[in-house]
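The sequence and the structure are shown below.

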Amino acid sequence: MSRLIRPPSSVLLLVGREDFTPPPSLGGAPCVATPDCLAVAVRDVDDGPTLAELTDDPRATGLQDLMTLGDVELESEGLLVLRDVYSREYGTVGVEVGAVRVRVLADDDSEPGHVVFLVGATPQG
């Protein structure tokens, strides 16, 4: 899934459970997580749309041009959902139940205009 979006809060969430626990704040970091929710700061809606991608393909075009913002494990009930803080859904991907590794890639480390959630990524070594 690849989509130009305008999240009103400039934050995207990738959640693994219907009843998830969001991080209390970003605390100045571009990307933070709880066991079942990953939050990523994106560009302000007034600065234009954000290209958001949710993929499990590590060979997707353009990934090599992006920097890693985070590499986390999320607990999942079998589906990861990309949404904003107002629960608007932008995409889903089916995954195994349990812990799922997600790498967050972006074109900027503070307010990215392009963010990729790479599901099932192997840890960076």
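How many disulfides does the count come to? The model is a predicted one, and the count comes to 0 disulfides. C31 takes part in no disulfide, the nearest cysteine sulfur being that of C37, 10 Å away. Because a disulfide requires a pair of cysteine sulfur atoms within 2.5 Å, the 10 Å from the sulfur of C37 to its closest counterpart, in C31, is too far for a bond.

The relative accessible areas are as follows.

| Cysteine | Relative accessible area | State |
|---|---|---|
| C31 | 13% | buried |
| C37 | 0% | buried |

Each value lies on the buried side of the cut-off, since buried means under 20% relative accessible area.

In which order do the strands of the open sheet stand? The 5 strands follow the order 3-4-2-7-8, with antiparallel pairing. Strand 3 (31-34) and strand 8 (89-94) each have a single partner strand and stand at the edges, so one side of each is left without a neighbour in the sheet. From one strand to the next, the twist averages 15°.

Within this sheet, strand 2 (residues 11-15) is paired with strand 7 (residues 79-84) in the antiparallel sense, over 4 bridges. Which residue of strand 7 is the bridge partner of V15? That partner is V81. In general, strands of a sheet pair through backbone hydrogen bonds, in either a parallel or an antiparallel manner.

Methods. Residues are numbered from 1 along each chain as its sequence is written. This is a predicted model: local features need pLDDT of at least 70, side-chain atom pairs count only at pLDDT 80 or more; totals for chains, interfaces and linings use all residues. Side-chain values use heavy atoms; hydrogens and water are left out. Two strands pair if DSSP finds at least two bridges between them. Helices (H or I, at least four residues) and strands (E, at least two) are DSSP runs, numbered from the N terminus. Axes are lines fitted to C-alpha atoms, for helices over the stretch in contact, and angles run from 0 to 180 degrees between N-to-C directions. Buried means under 20% relative accessible area, exposed over 50%, partly exposed in between (1.4 Å probe, protein chains only).
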